[in-house]
Amino acid sequence: MLKPVNGTPGDVTDYSCTRIEYDLAAGREVSVEDHRVQDDMDFLGGIGRSFKILSGYDVSDPFAPDAPLVINTGCFTGTQFMTGLRAYFSGYSPLKRTRAGMPMPVWSAMSGSFGRKFSYTGIGDLILTGRAAVPSFLVIRQTDDGPDISVVEAPSHLVGARVREKMFYLDERYNDGDKNYHAHFAVLGPAGENWETVWYAAVVGSTQEQLMSGEDKWRFAGRLGMGSVLGSKNILGIVARAETDYYRKGDDRLKAINNEIGRGEQSRGYRHPNNRNGLGGTGKNSKILDGFGVLPYRNFEPPGENVAVPVHLETMRESDDFIVIDKSCYGCQITCHQDFYDVPEGGKDPDWRKARRNHGEYLGRFEFEPMELSGANLGILDPHDNLELARLDDDLGFDTISANVVISFLMDYNARGNGTVADGVTFGDAEGVRRLKEDIAYGRERLFGKGVRAIAEEIGGEAFAMHAKGVEFSAYLGQTNPGYPFAVAGGHMSMRTFLLYVMDPDCKPDSADYWVRNITEEGWKMVNKDLHGGCLFTMAPPDQVSEGIEAVFGVPFSAERVLDATYRAHILGFALEQKQGITPDEYDLPSDIFVGQSKGDLPGVRFLTRELFEEVRTRVLERLHRDVETLGYGDHAAPASVQAV
Ligand code: SF4
């Protein structure tokens, strides 16, 4: 939480935040600093501050007790800026490593209510080091004297428990049963507790809707193994309890901004059709991509168009088998959550308003990546199986993207006659997937929790292991996205080139100029939401972000400053990758996706040749290295002397 250092702040440097380093082994603060904002990266927050903090550590093992895990928020988190709810978990990733094994810096972000309560405790940045002696919860309380942090031994029945069970316990233990919900939570499932064999565990955050309904409607800092790092510190969950909400309101300008965010064209894609003519939420992507023949299917190899119609959002929403109700995080009018319920006895009322009020039990949520990757990409086209398998990932505490891409790889491996792994699991085998997910989460599988790259290195199949820099692809084909390897956080959430082939009417897919420009000039801009604490689905342009800052904090800002701070964070992240010793040829894609290879000659897409990619790579890396020097991050890019373990 940002605090003004004087009564009339006139600049971002007139704010500060509390930075605490906490040693979990000793159960006490190592340092408590009132950190005066130095620049726009500090002020915007999130990864702007985290990457600076991470640059001060040499890390060769992401699970070493002295490897830091940074938890913080953005400047909008906990304010009246609609969707200002995000919390960030930043550290060194067990998945995203150099080939020599050095972990690289990453972050993962969640909405929900944990972030706003965390900020109200008074903490700006919390740096966790050390390892608790026994499985524990970290409890942060707001007090008159500032944040109070303690490590509390977890009850034995919660060790190994699923997310749902931990959430119920913490709600009973730290809320007062009076519906005020002063406490919110970030917890691990069994996957995070078994961090030695599971490197893609998520941190799962509570939502107001979840605590009120008792249903498992969480948000996730899912990607890149931040849950595994928290698990390595022997922390099963974090409680943030604040009885007073320091809800910073904006001036009149914020009302118009929030109106636009919640109801305007910019967020239409993420709203239910009944909510001001929305396009359906992230789930709409299945039908769109399938229509172009580029929907990931059976390990990223679609045989044509419209191959997964039974599990399209639209098919399921119109079916008589389900009632879909759009729900939201605290105070958000976008209401992007598309929650699926069973129909009641007597069937579904044709009037959607009545159907909303009269439904059966909660079945799960349709979000694009979880549903696509645990459905069509596993060859599973049964809607009930699909909902159930996506929901299982949440309860076990997996990053649903990595977990399902691992399983699609194992299915592909078996289908190609390479041998038999994972009890011979095959495409379409929902029961086999259930069993495998349980086995991985509970540590009964030694290898399959370590991600596709580690698996392929041991059993073979590198050519069709769908990852870049060790990070599993999200639900977009590598065949259409040469930008994957340059996403600093990995995956797609830090490089917006994944939809250009389908959505950009001016796309020139076989032009290196086109891709280099989009990677170096445009794609990284989406990372601005990973600094300021608003949600991606606002699609807030930089001038709206800067106006929001002026409205909430009363200091001048500009769109250029939003973009400048964002680019600095992006380049600092790249510099820290260089520090860990990554080589140019590690910015790569699996060989089967190139034209001429088995996944590179799809009916719907055939442009990405090895030669085109290598030209893009050479030119992008030249530009990024140049910008490292120009922005003064050259020292951070010097390879560390420590060796990988
Ligand atoms: S857009 Fe969706 S995820 Fe983002 S804050 Fe609103 S409801 Fe939550």
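Here is a short tour of the sheet, the nonpolar core and the ligand shell in this structure.

The model is predicted: local features need pLDDT of at least 70, side-chain atom pairs count only at pLDDT 80 or more, and totals for chains, interfaces and linings use all residues. Residues are numbered from 1 along each chain as its sequence is written. Helices (H or I, at least four residues) and strands (E, at least two) are DSSP runs, numbered from the N terminus.

**The six-stranded sheet**

- An open sheet of 6 strands runs in the order E9-E8-E13-E10-E11-E12, with mixed pairing; two strands pair if DSSP finds at least two bridges between them.
- Its edge strands, E9 (148–153) and E12 (219–221), each pair on one side only.
- On average, neighbouring strands of this sheet are turned by 20° against each other, direction ignored; axes are lines fitted to C-alpha atoms, and angles run from 0 to 180 degrees between N-to-C directions.

**Around strand E13**

- Strand E8 (residues 136–141) runs parallel to strand E13 (residues 235–241), and 6 bridges join them.
- Phe137 stands opposite Gly237 in E13, while Val139 has Val239 as its bridge partner.
- Strand E10 (residues 183–187) pairs with E13 in the antiparallel sense, over 5 bridges.
- Val239 in E13 also has Phe185 standing opposite.

**The nonpolar core and a covered helix**

- The largest nonpolar core has 192 residues, of which Phe185, Val203, Val406, Ile407, Phe409 and Leu410 touch the most other members. Such a core is a set of buried Ala, Val, Leu, Ile, Met, Phe, Trp, Tyr and Cys residues joined through C-beta atoms within 7 Å.
- Helix H14 (residues 400–415) gives the most to this core, with 9 residues.
- Leaving out residues up to four places away in sequence, Val203 touches Phe89, Met110, Ala186, Leu188, Ala221, Met226, Gly227 and Leu230 (contact: C-beta atoms, placed from the backbone, within 7 Å).
- Helix H2 (residues 47–54) is mostly covered, with 7 of its 8 residues buried; Arg49 and Phe51 are among them.

**The ligand shell**

- The ligand is surrounded by 13 residues, the closest being Cys329, Cys332, Cys336, Cys535 and Phe537 (near: C-beta atom, placed from the backbone, within 6 Å).
- By class, this shell has 8 nonpolar, 5 polar and no charged residues. Ala, Val, Leu, Ile, Met, Phe, Trp, Tyr, Cys and Pro count as nonpolar, Asp, Glu, Lys and Arg as charged, and the others, Gly among them, as polar.

Notes: Buried ≥ 20, exposed ≤ 12 C-beta atoms within 10 Å, placed from the backbone. Contact = placed C-beta atoms within 7 Å.
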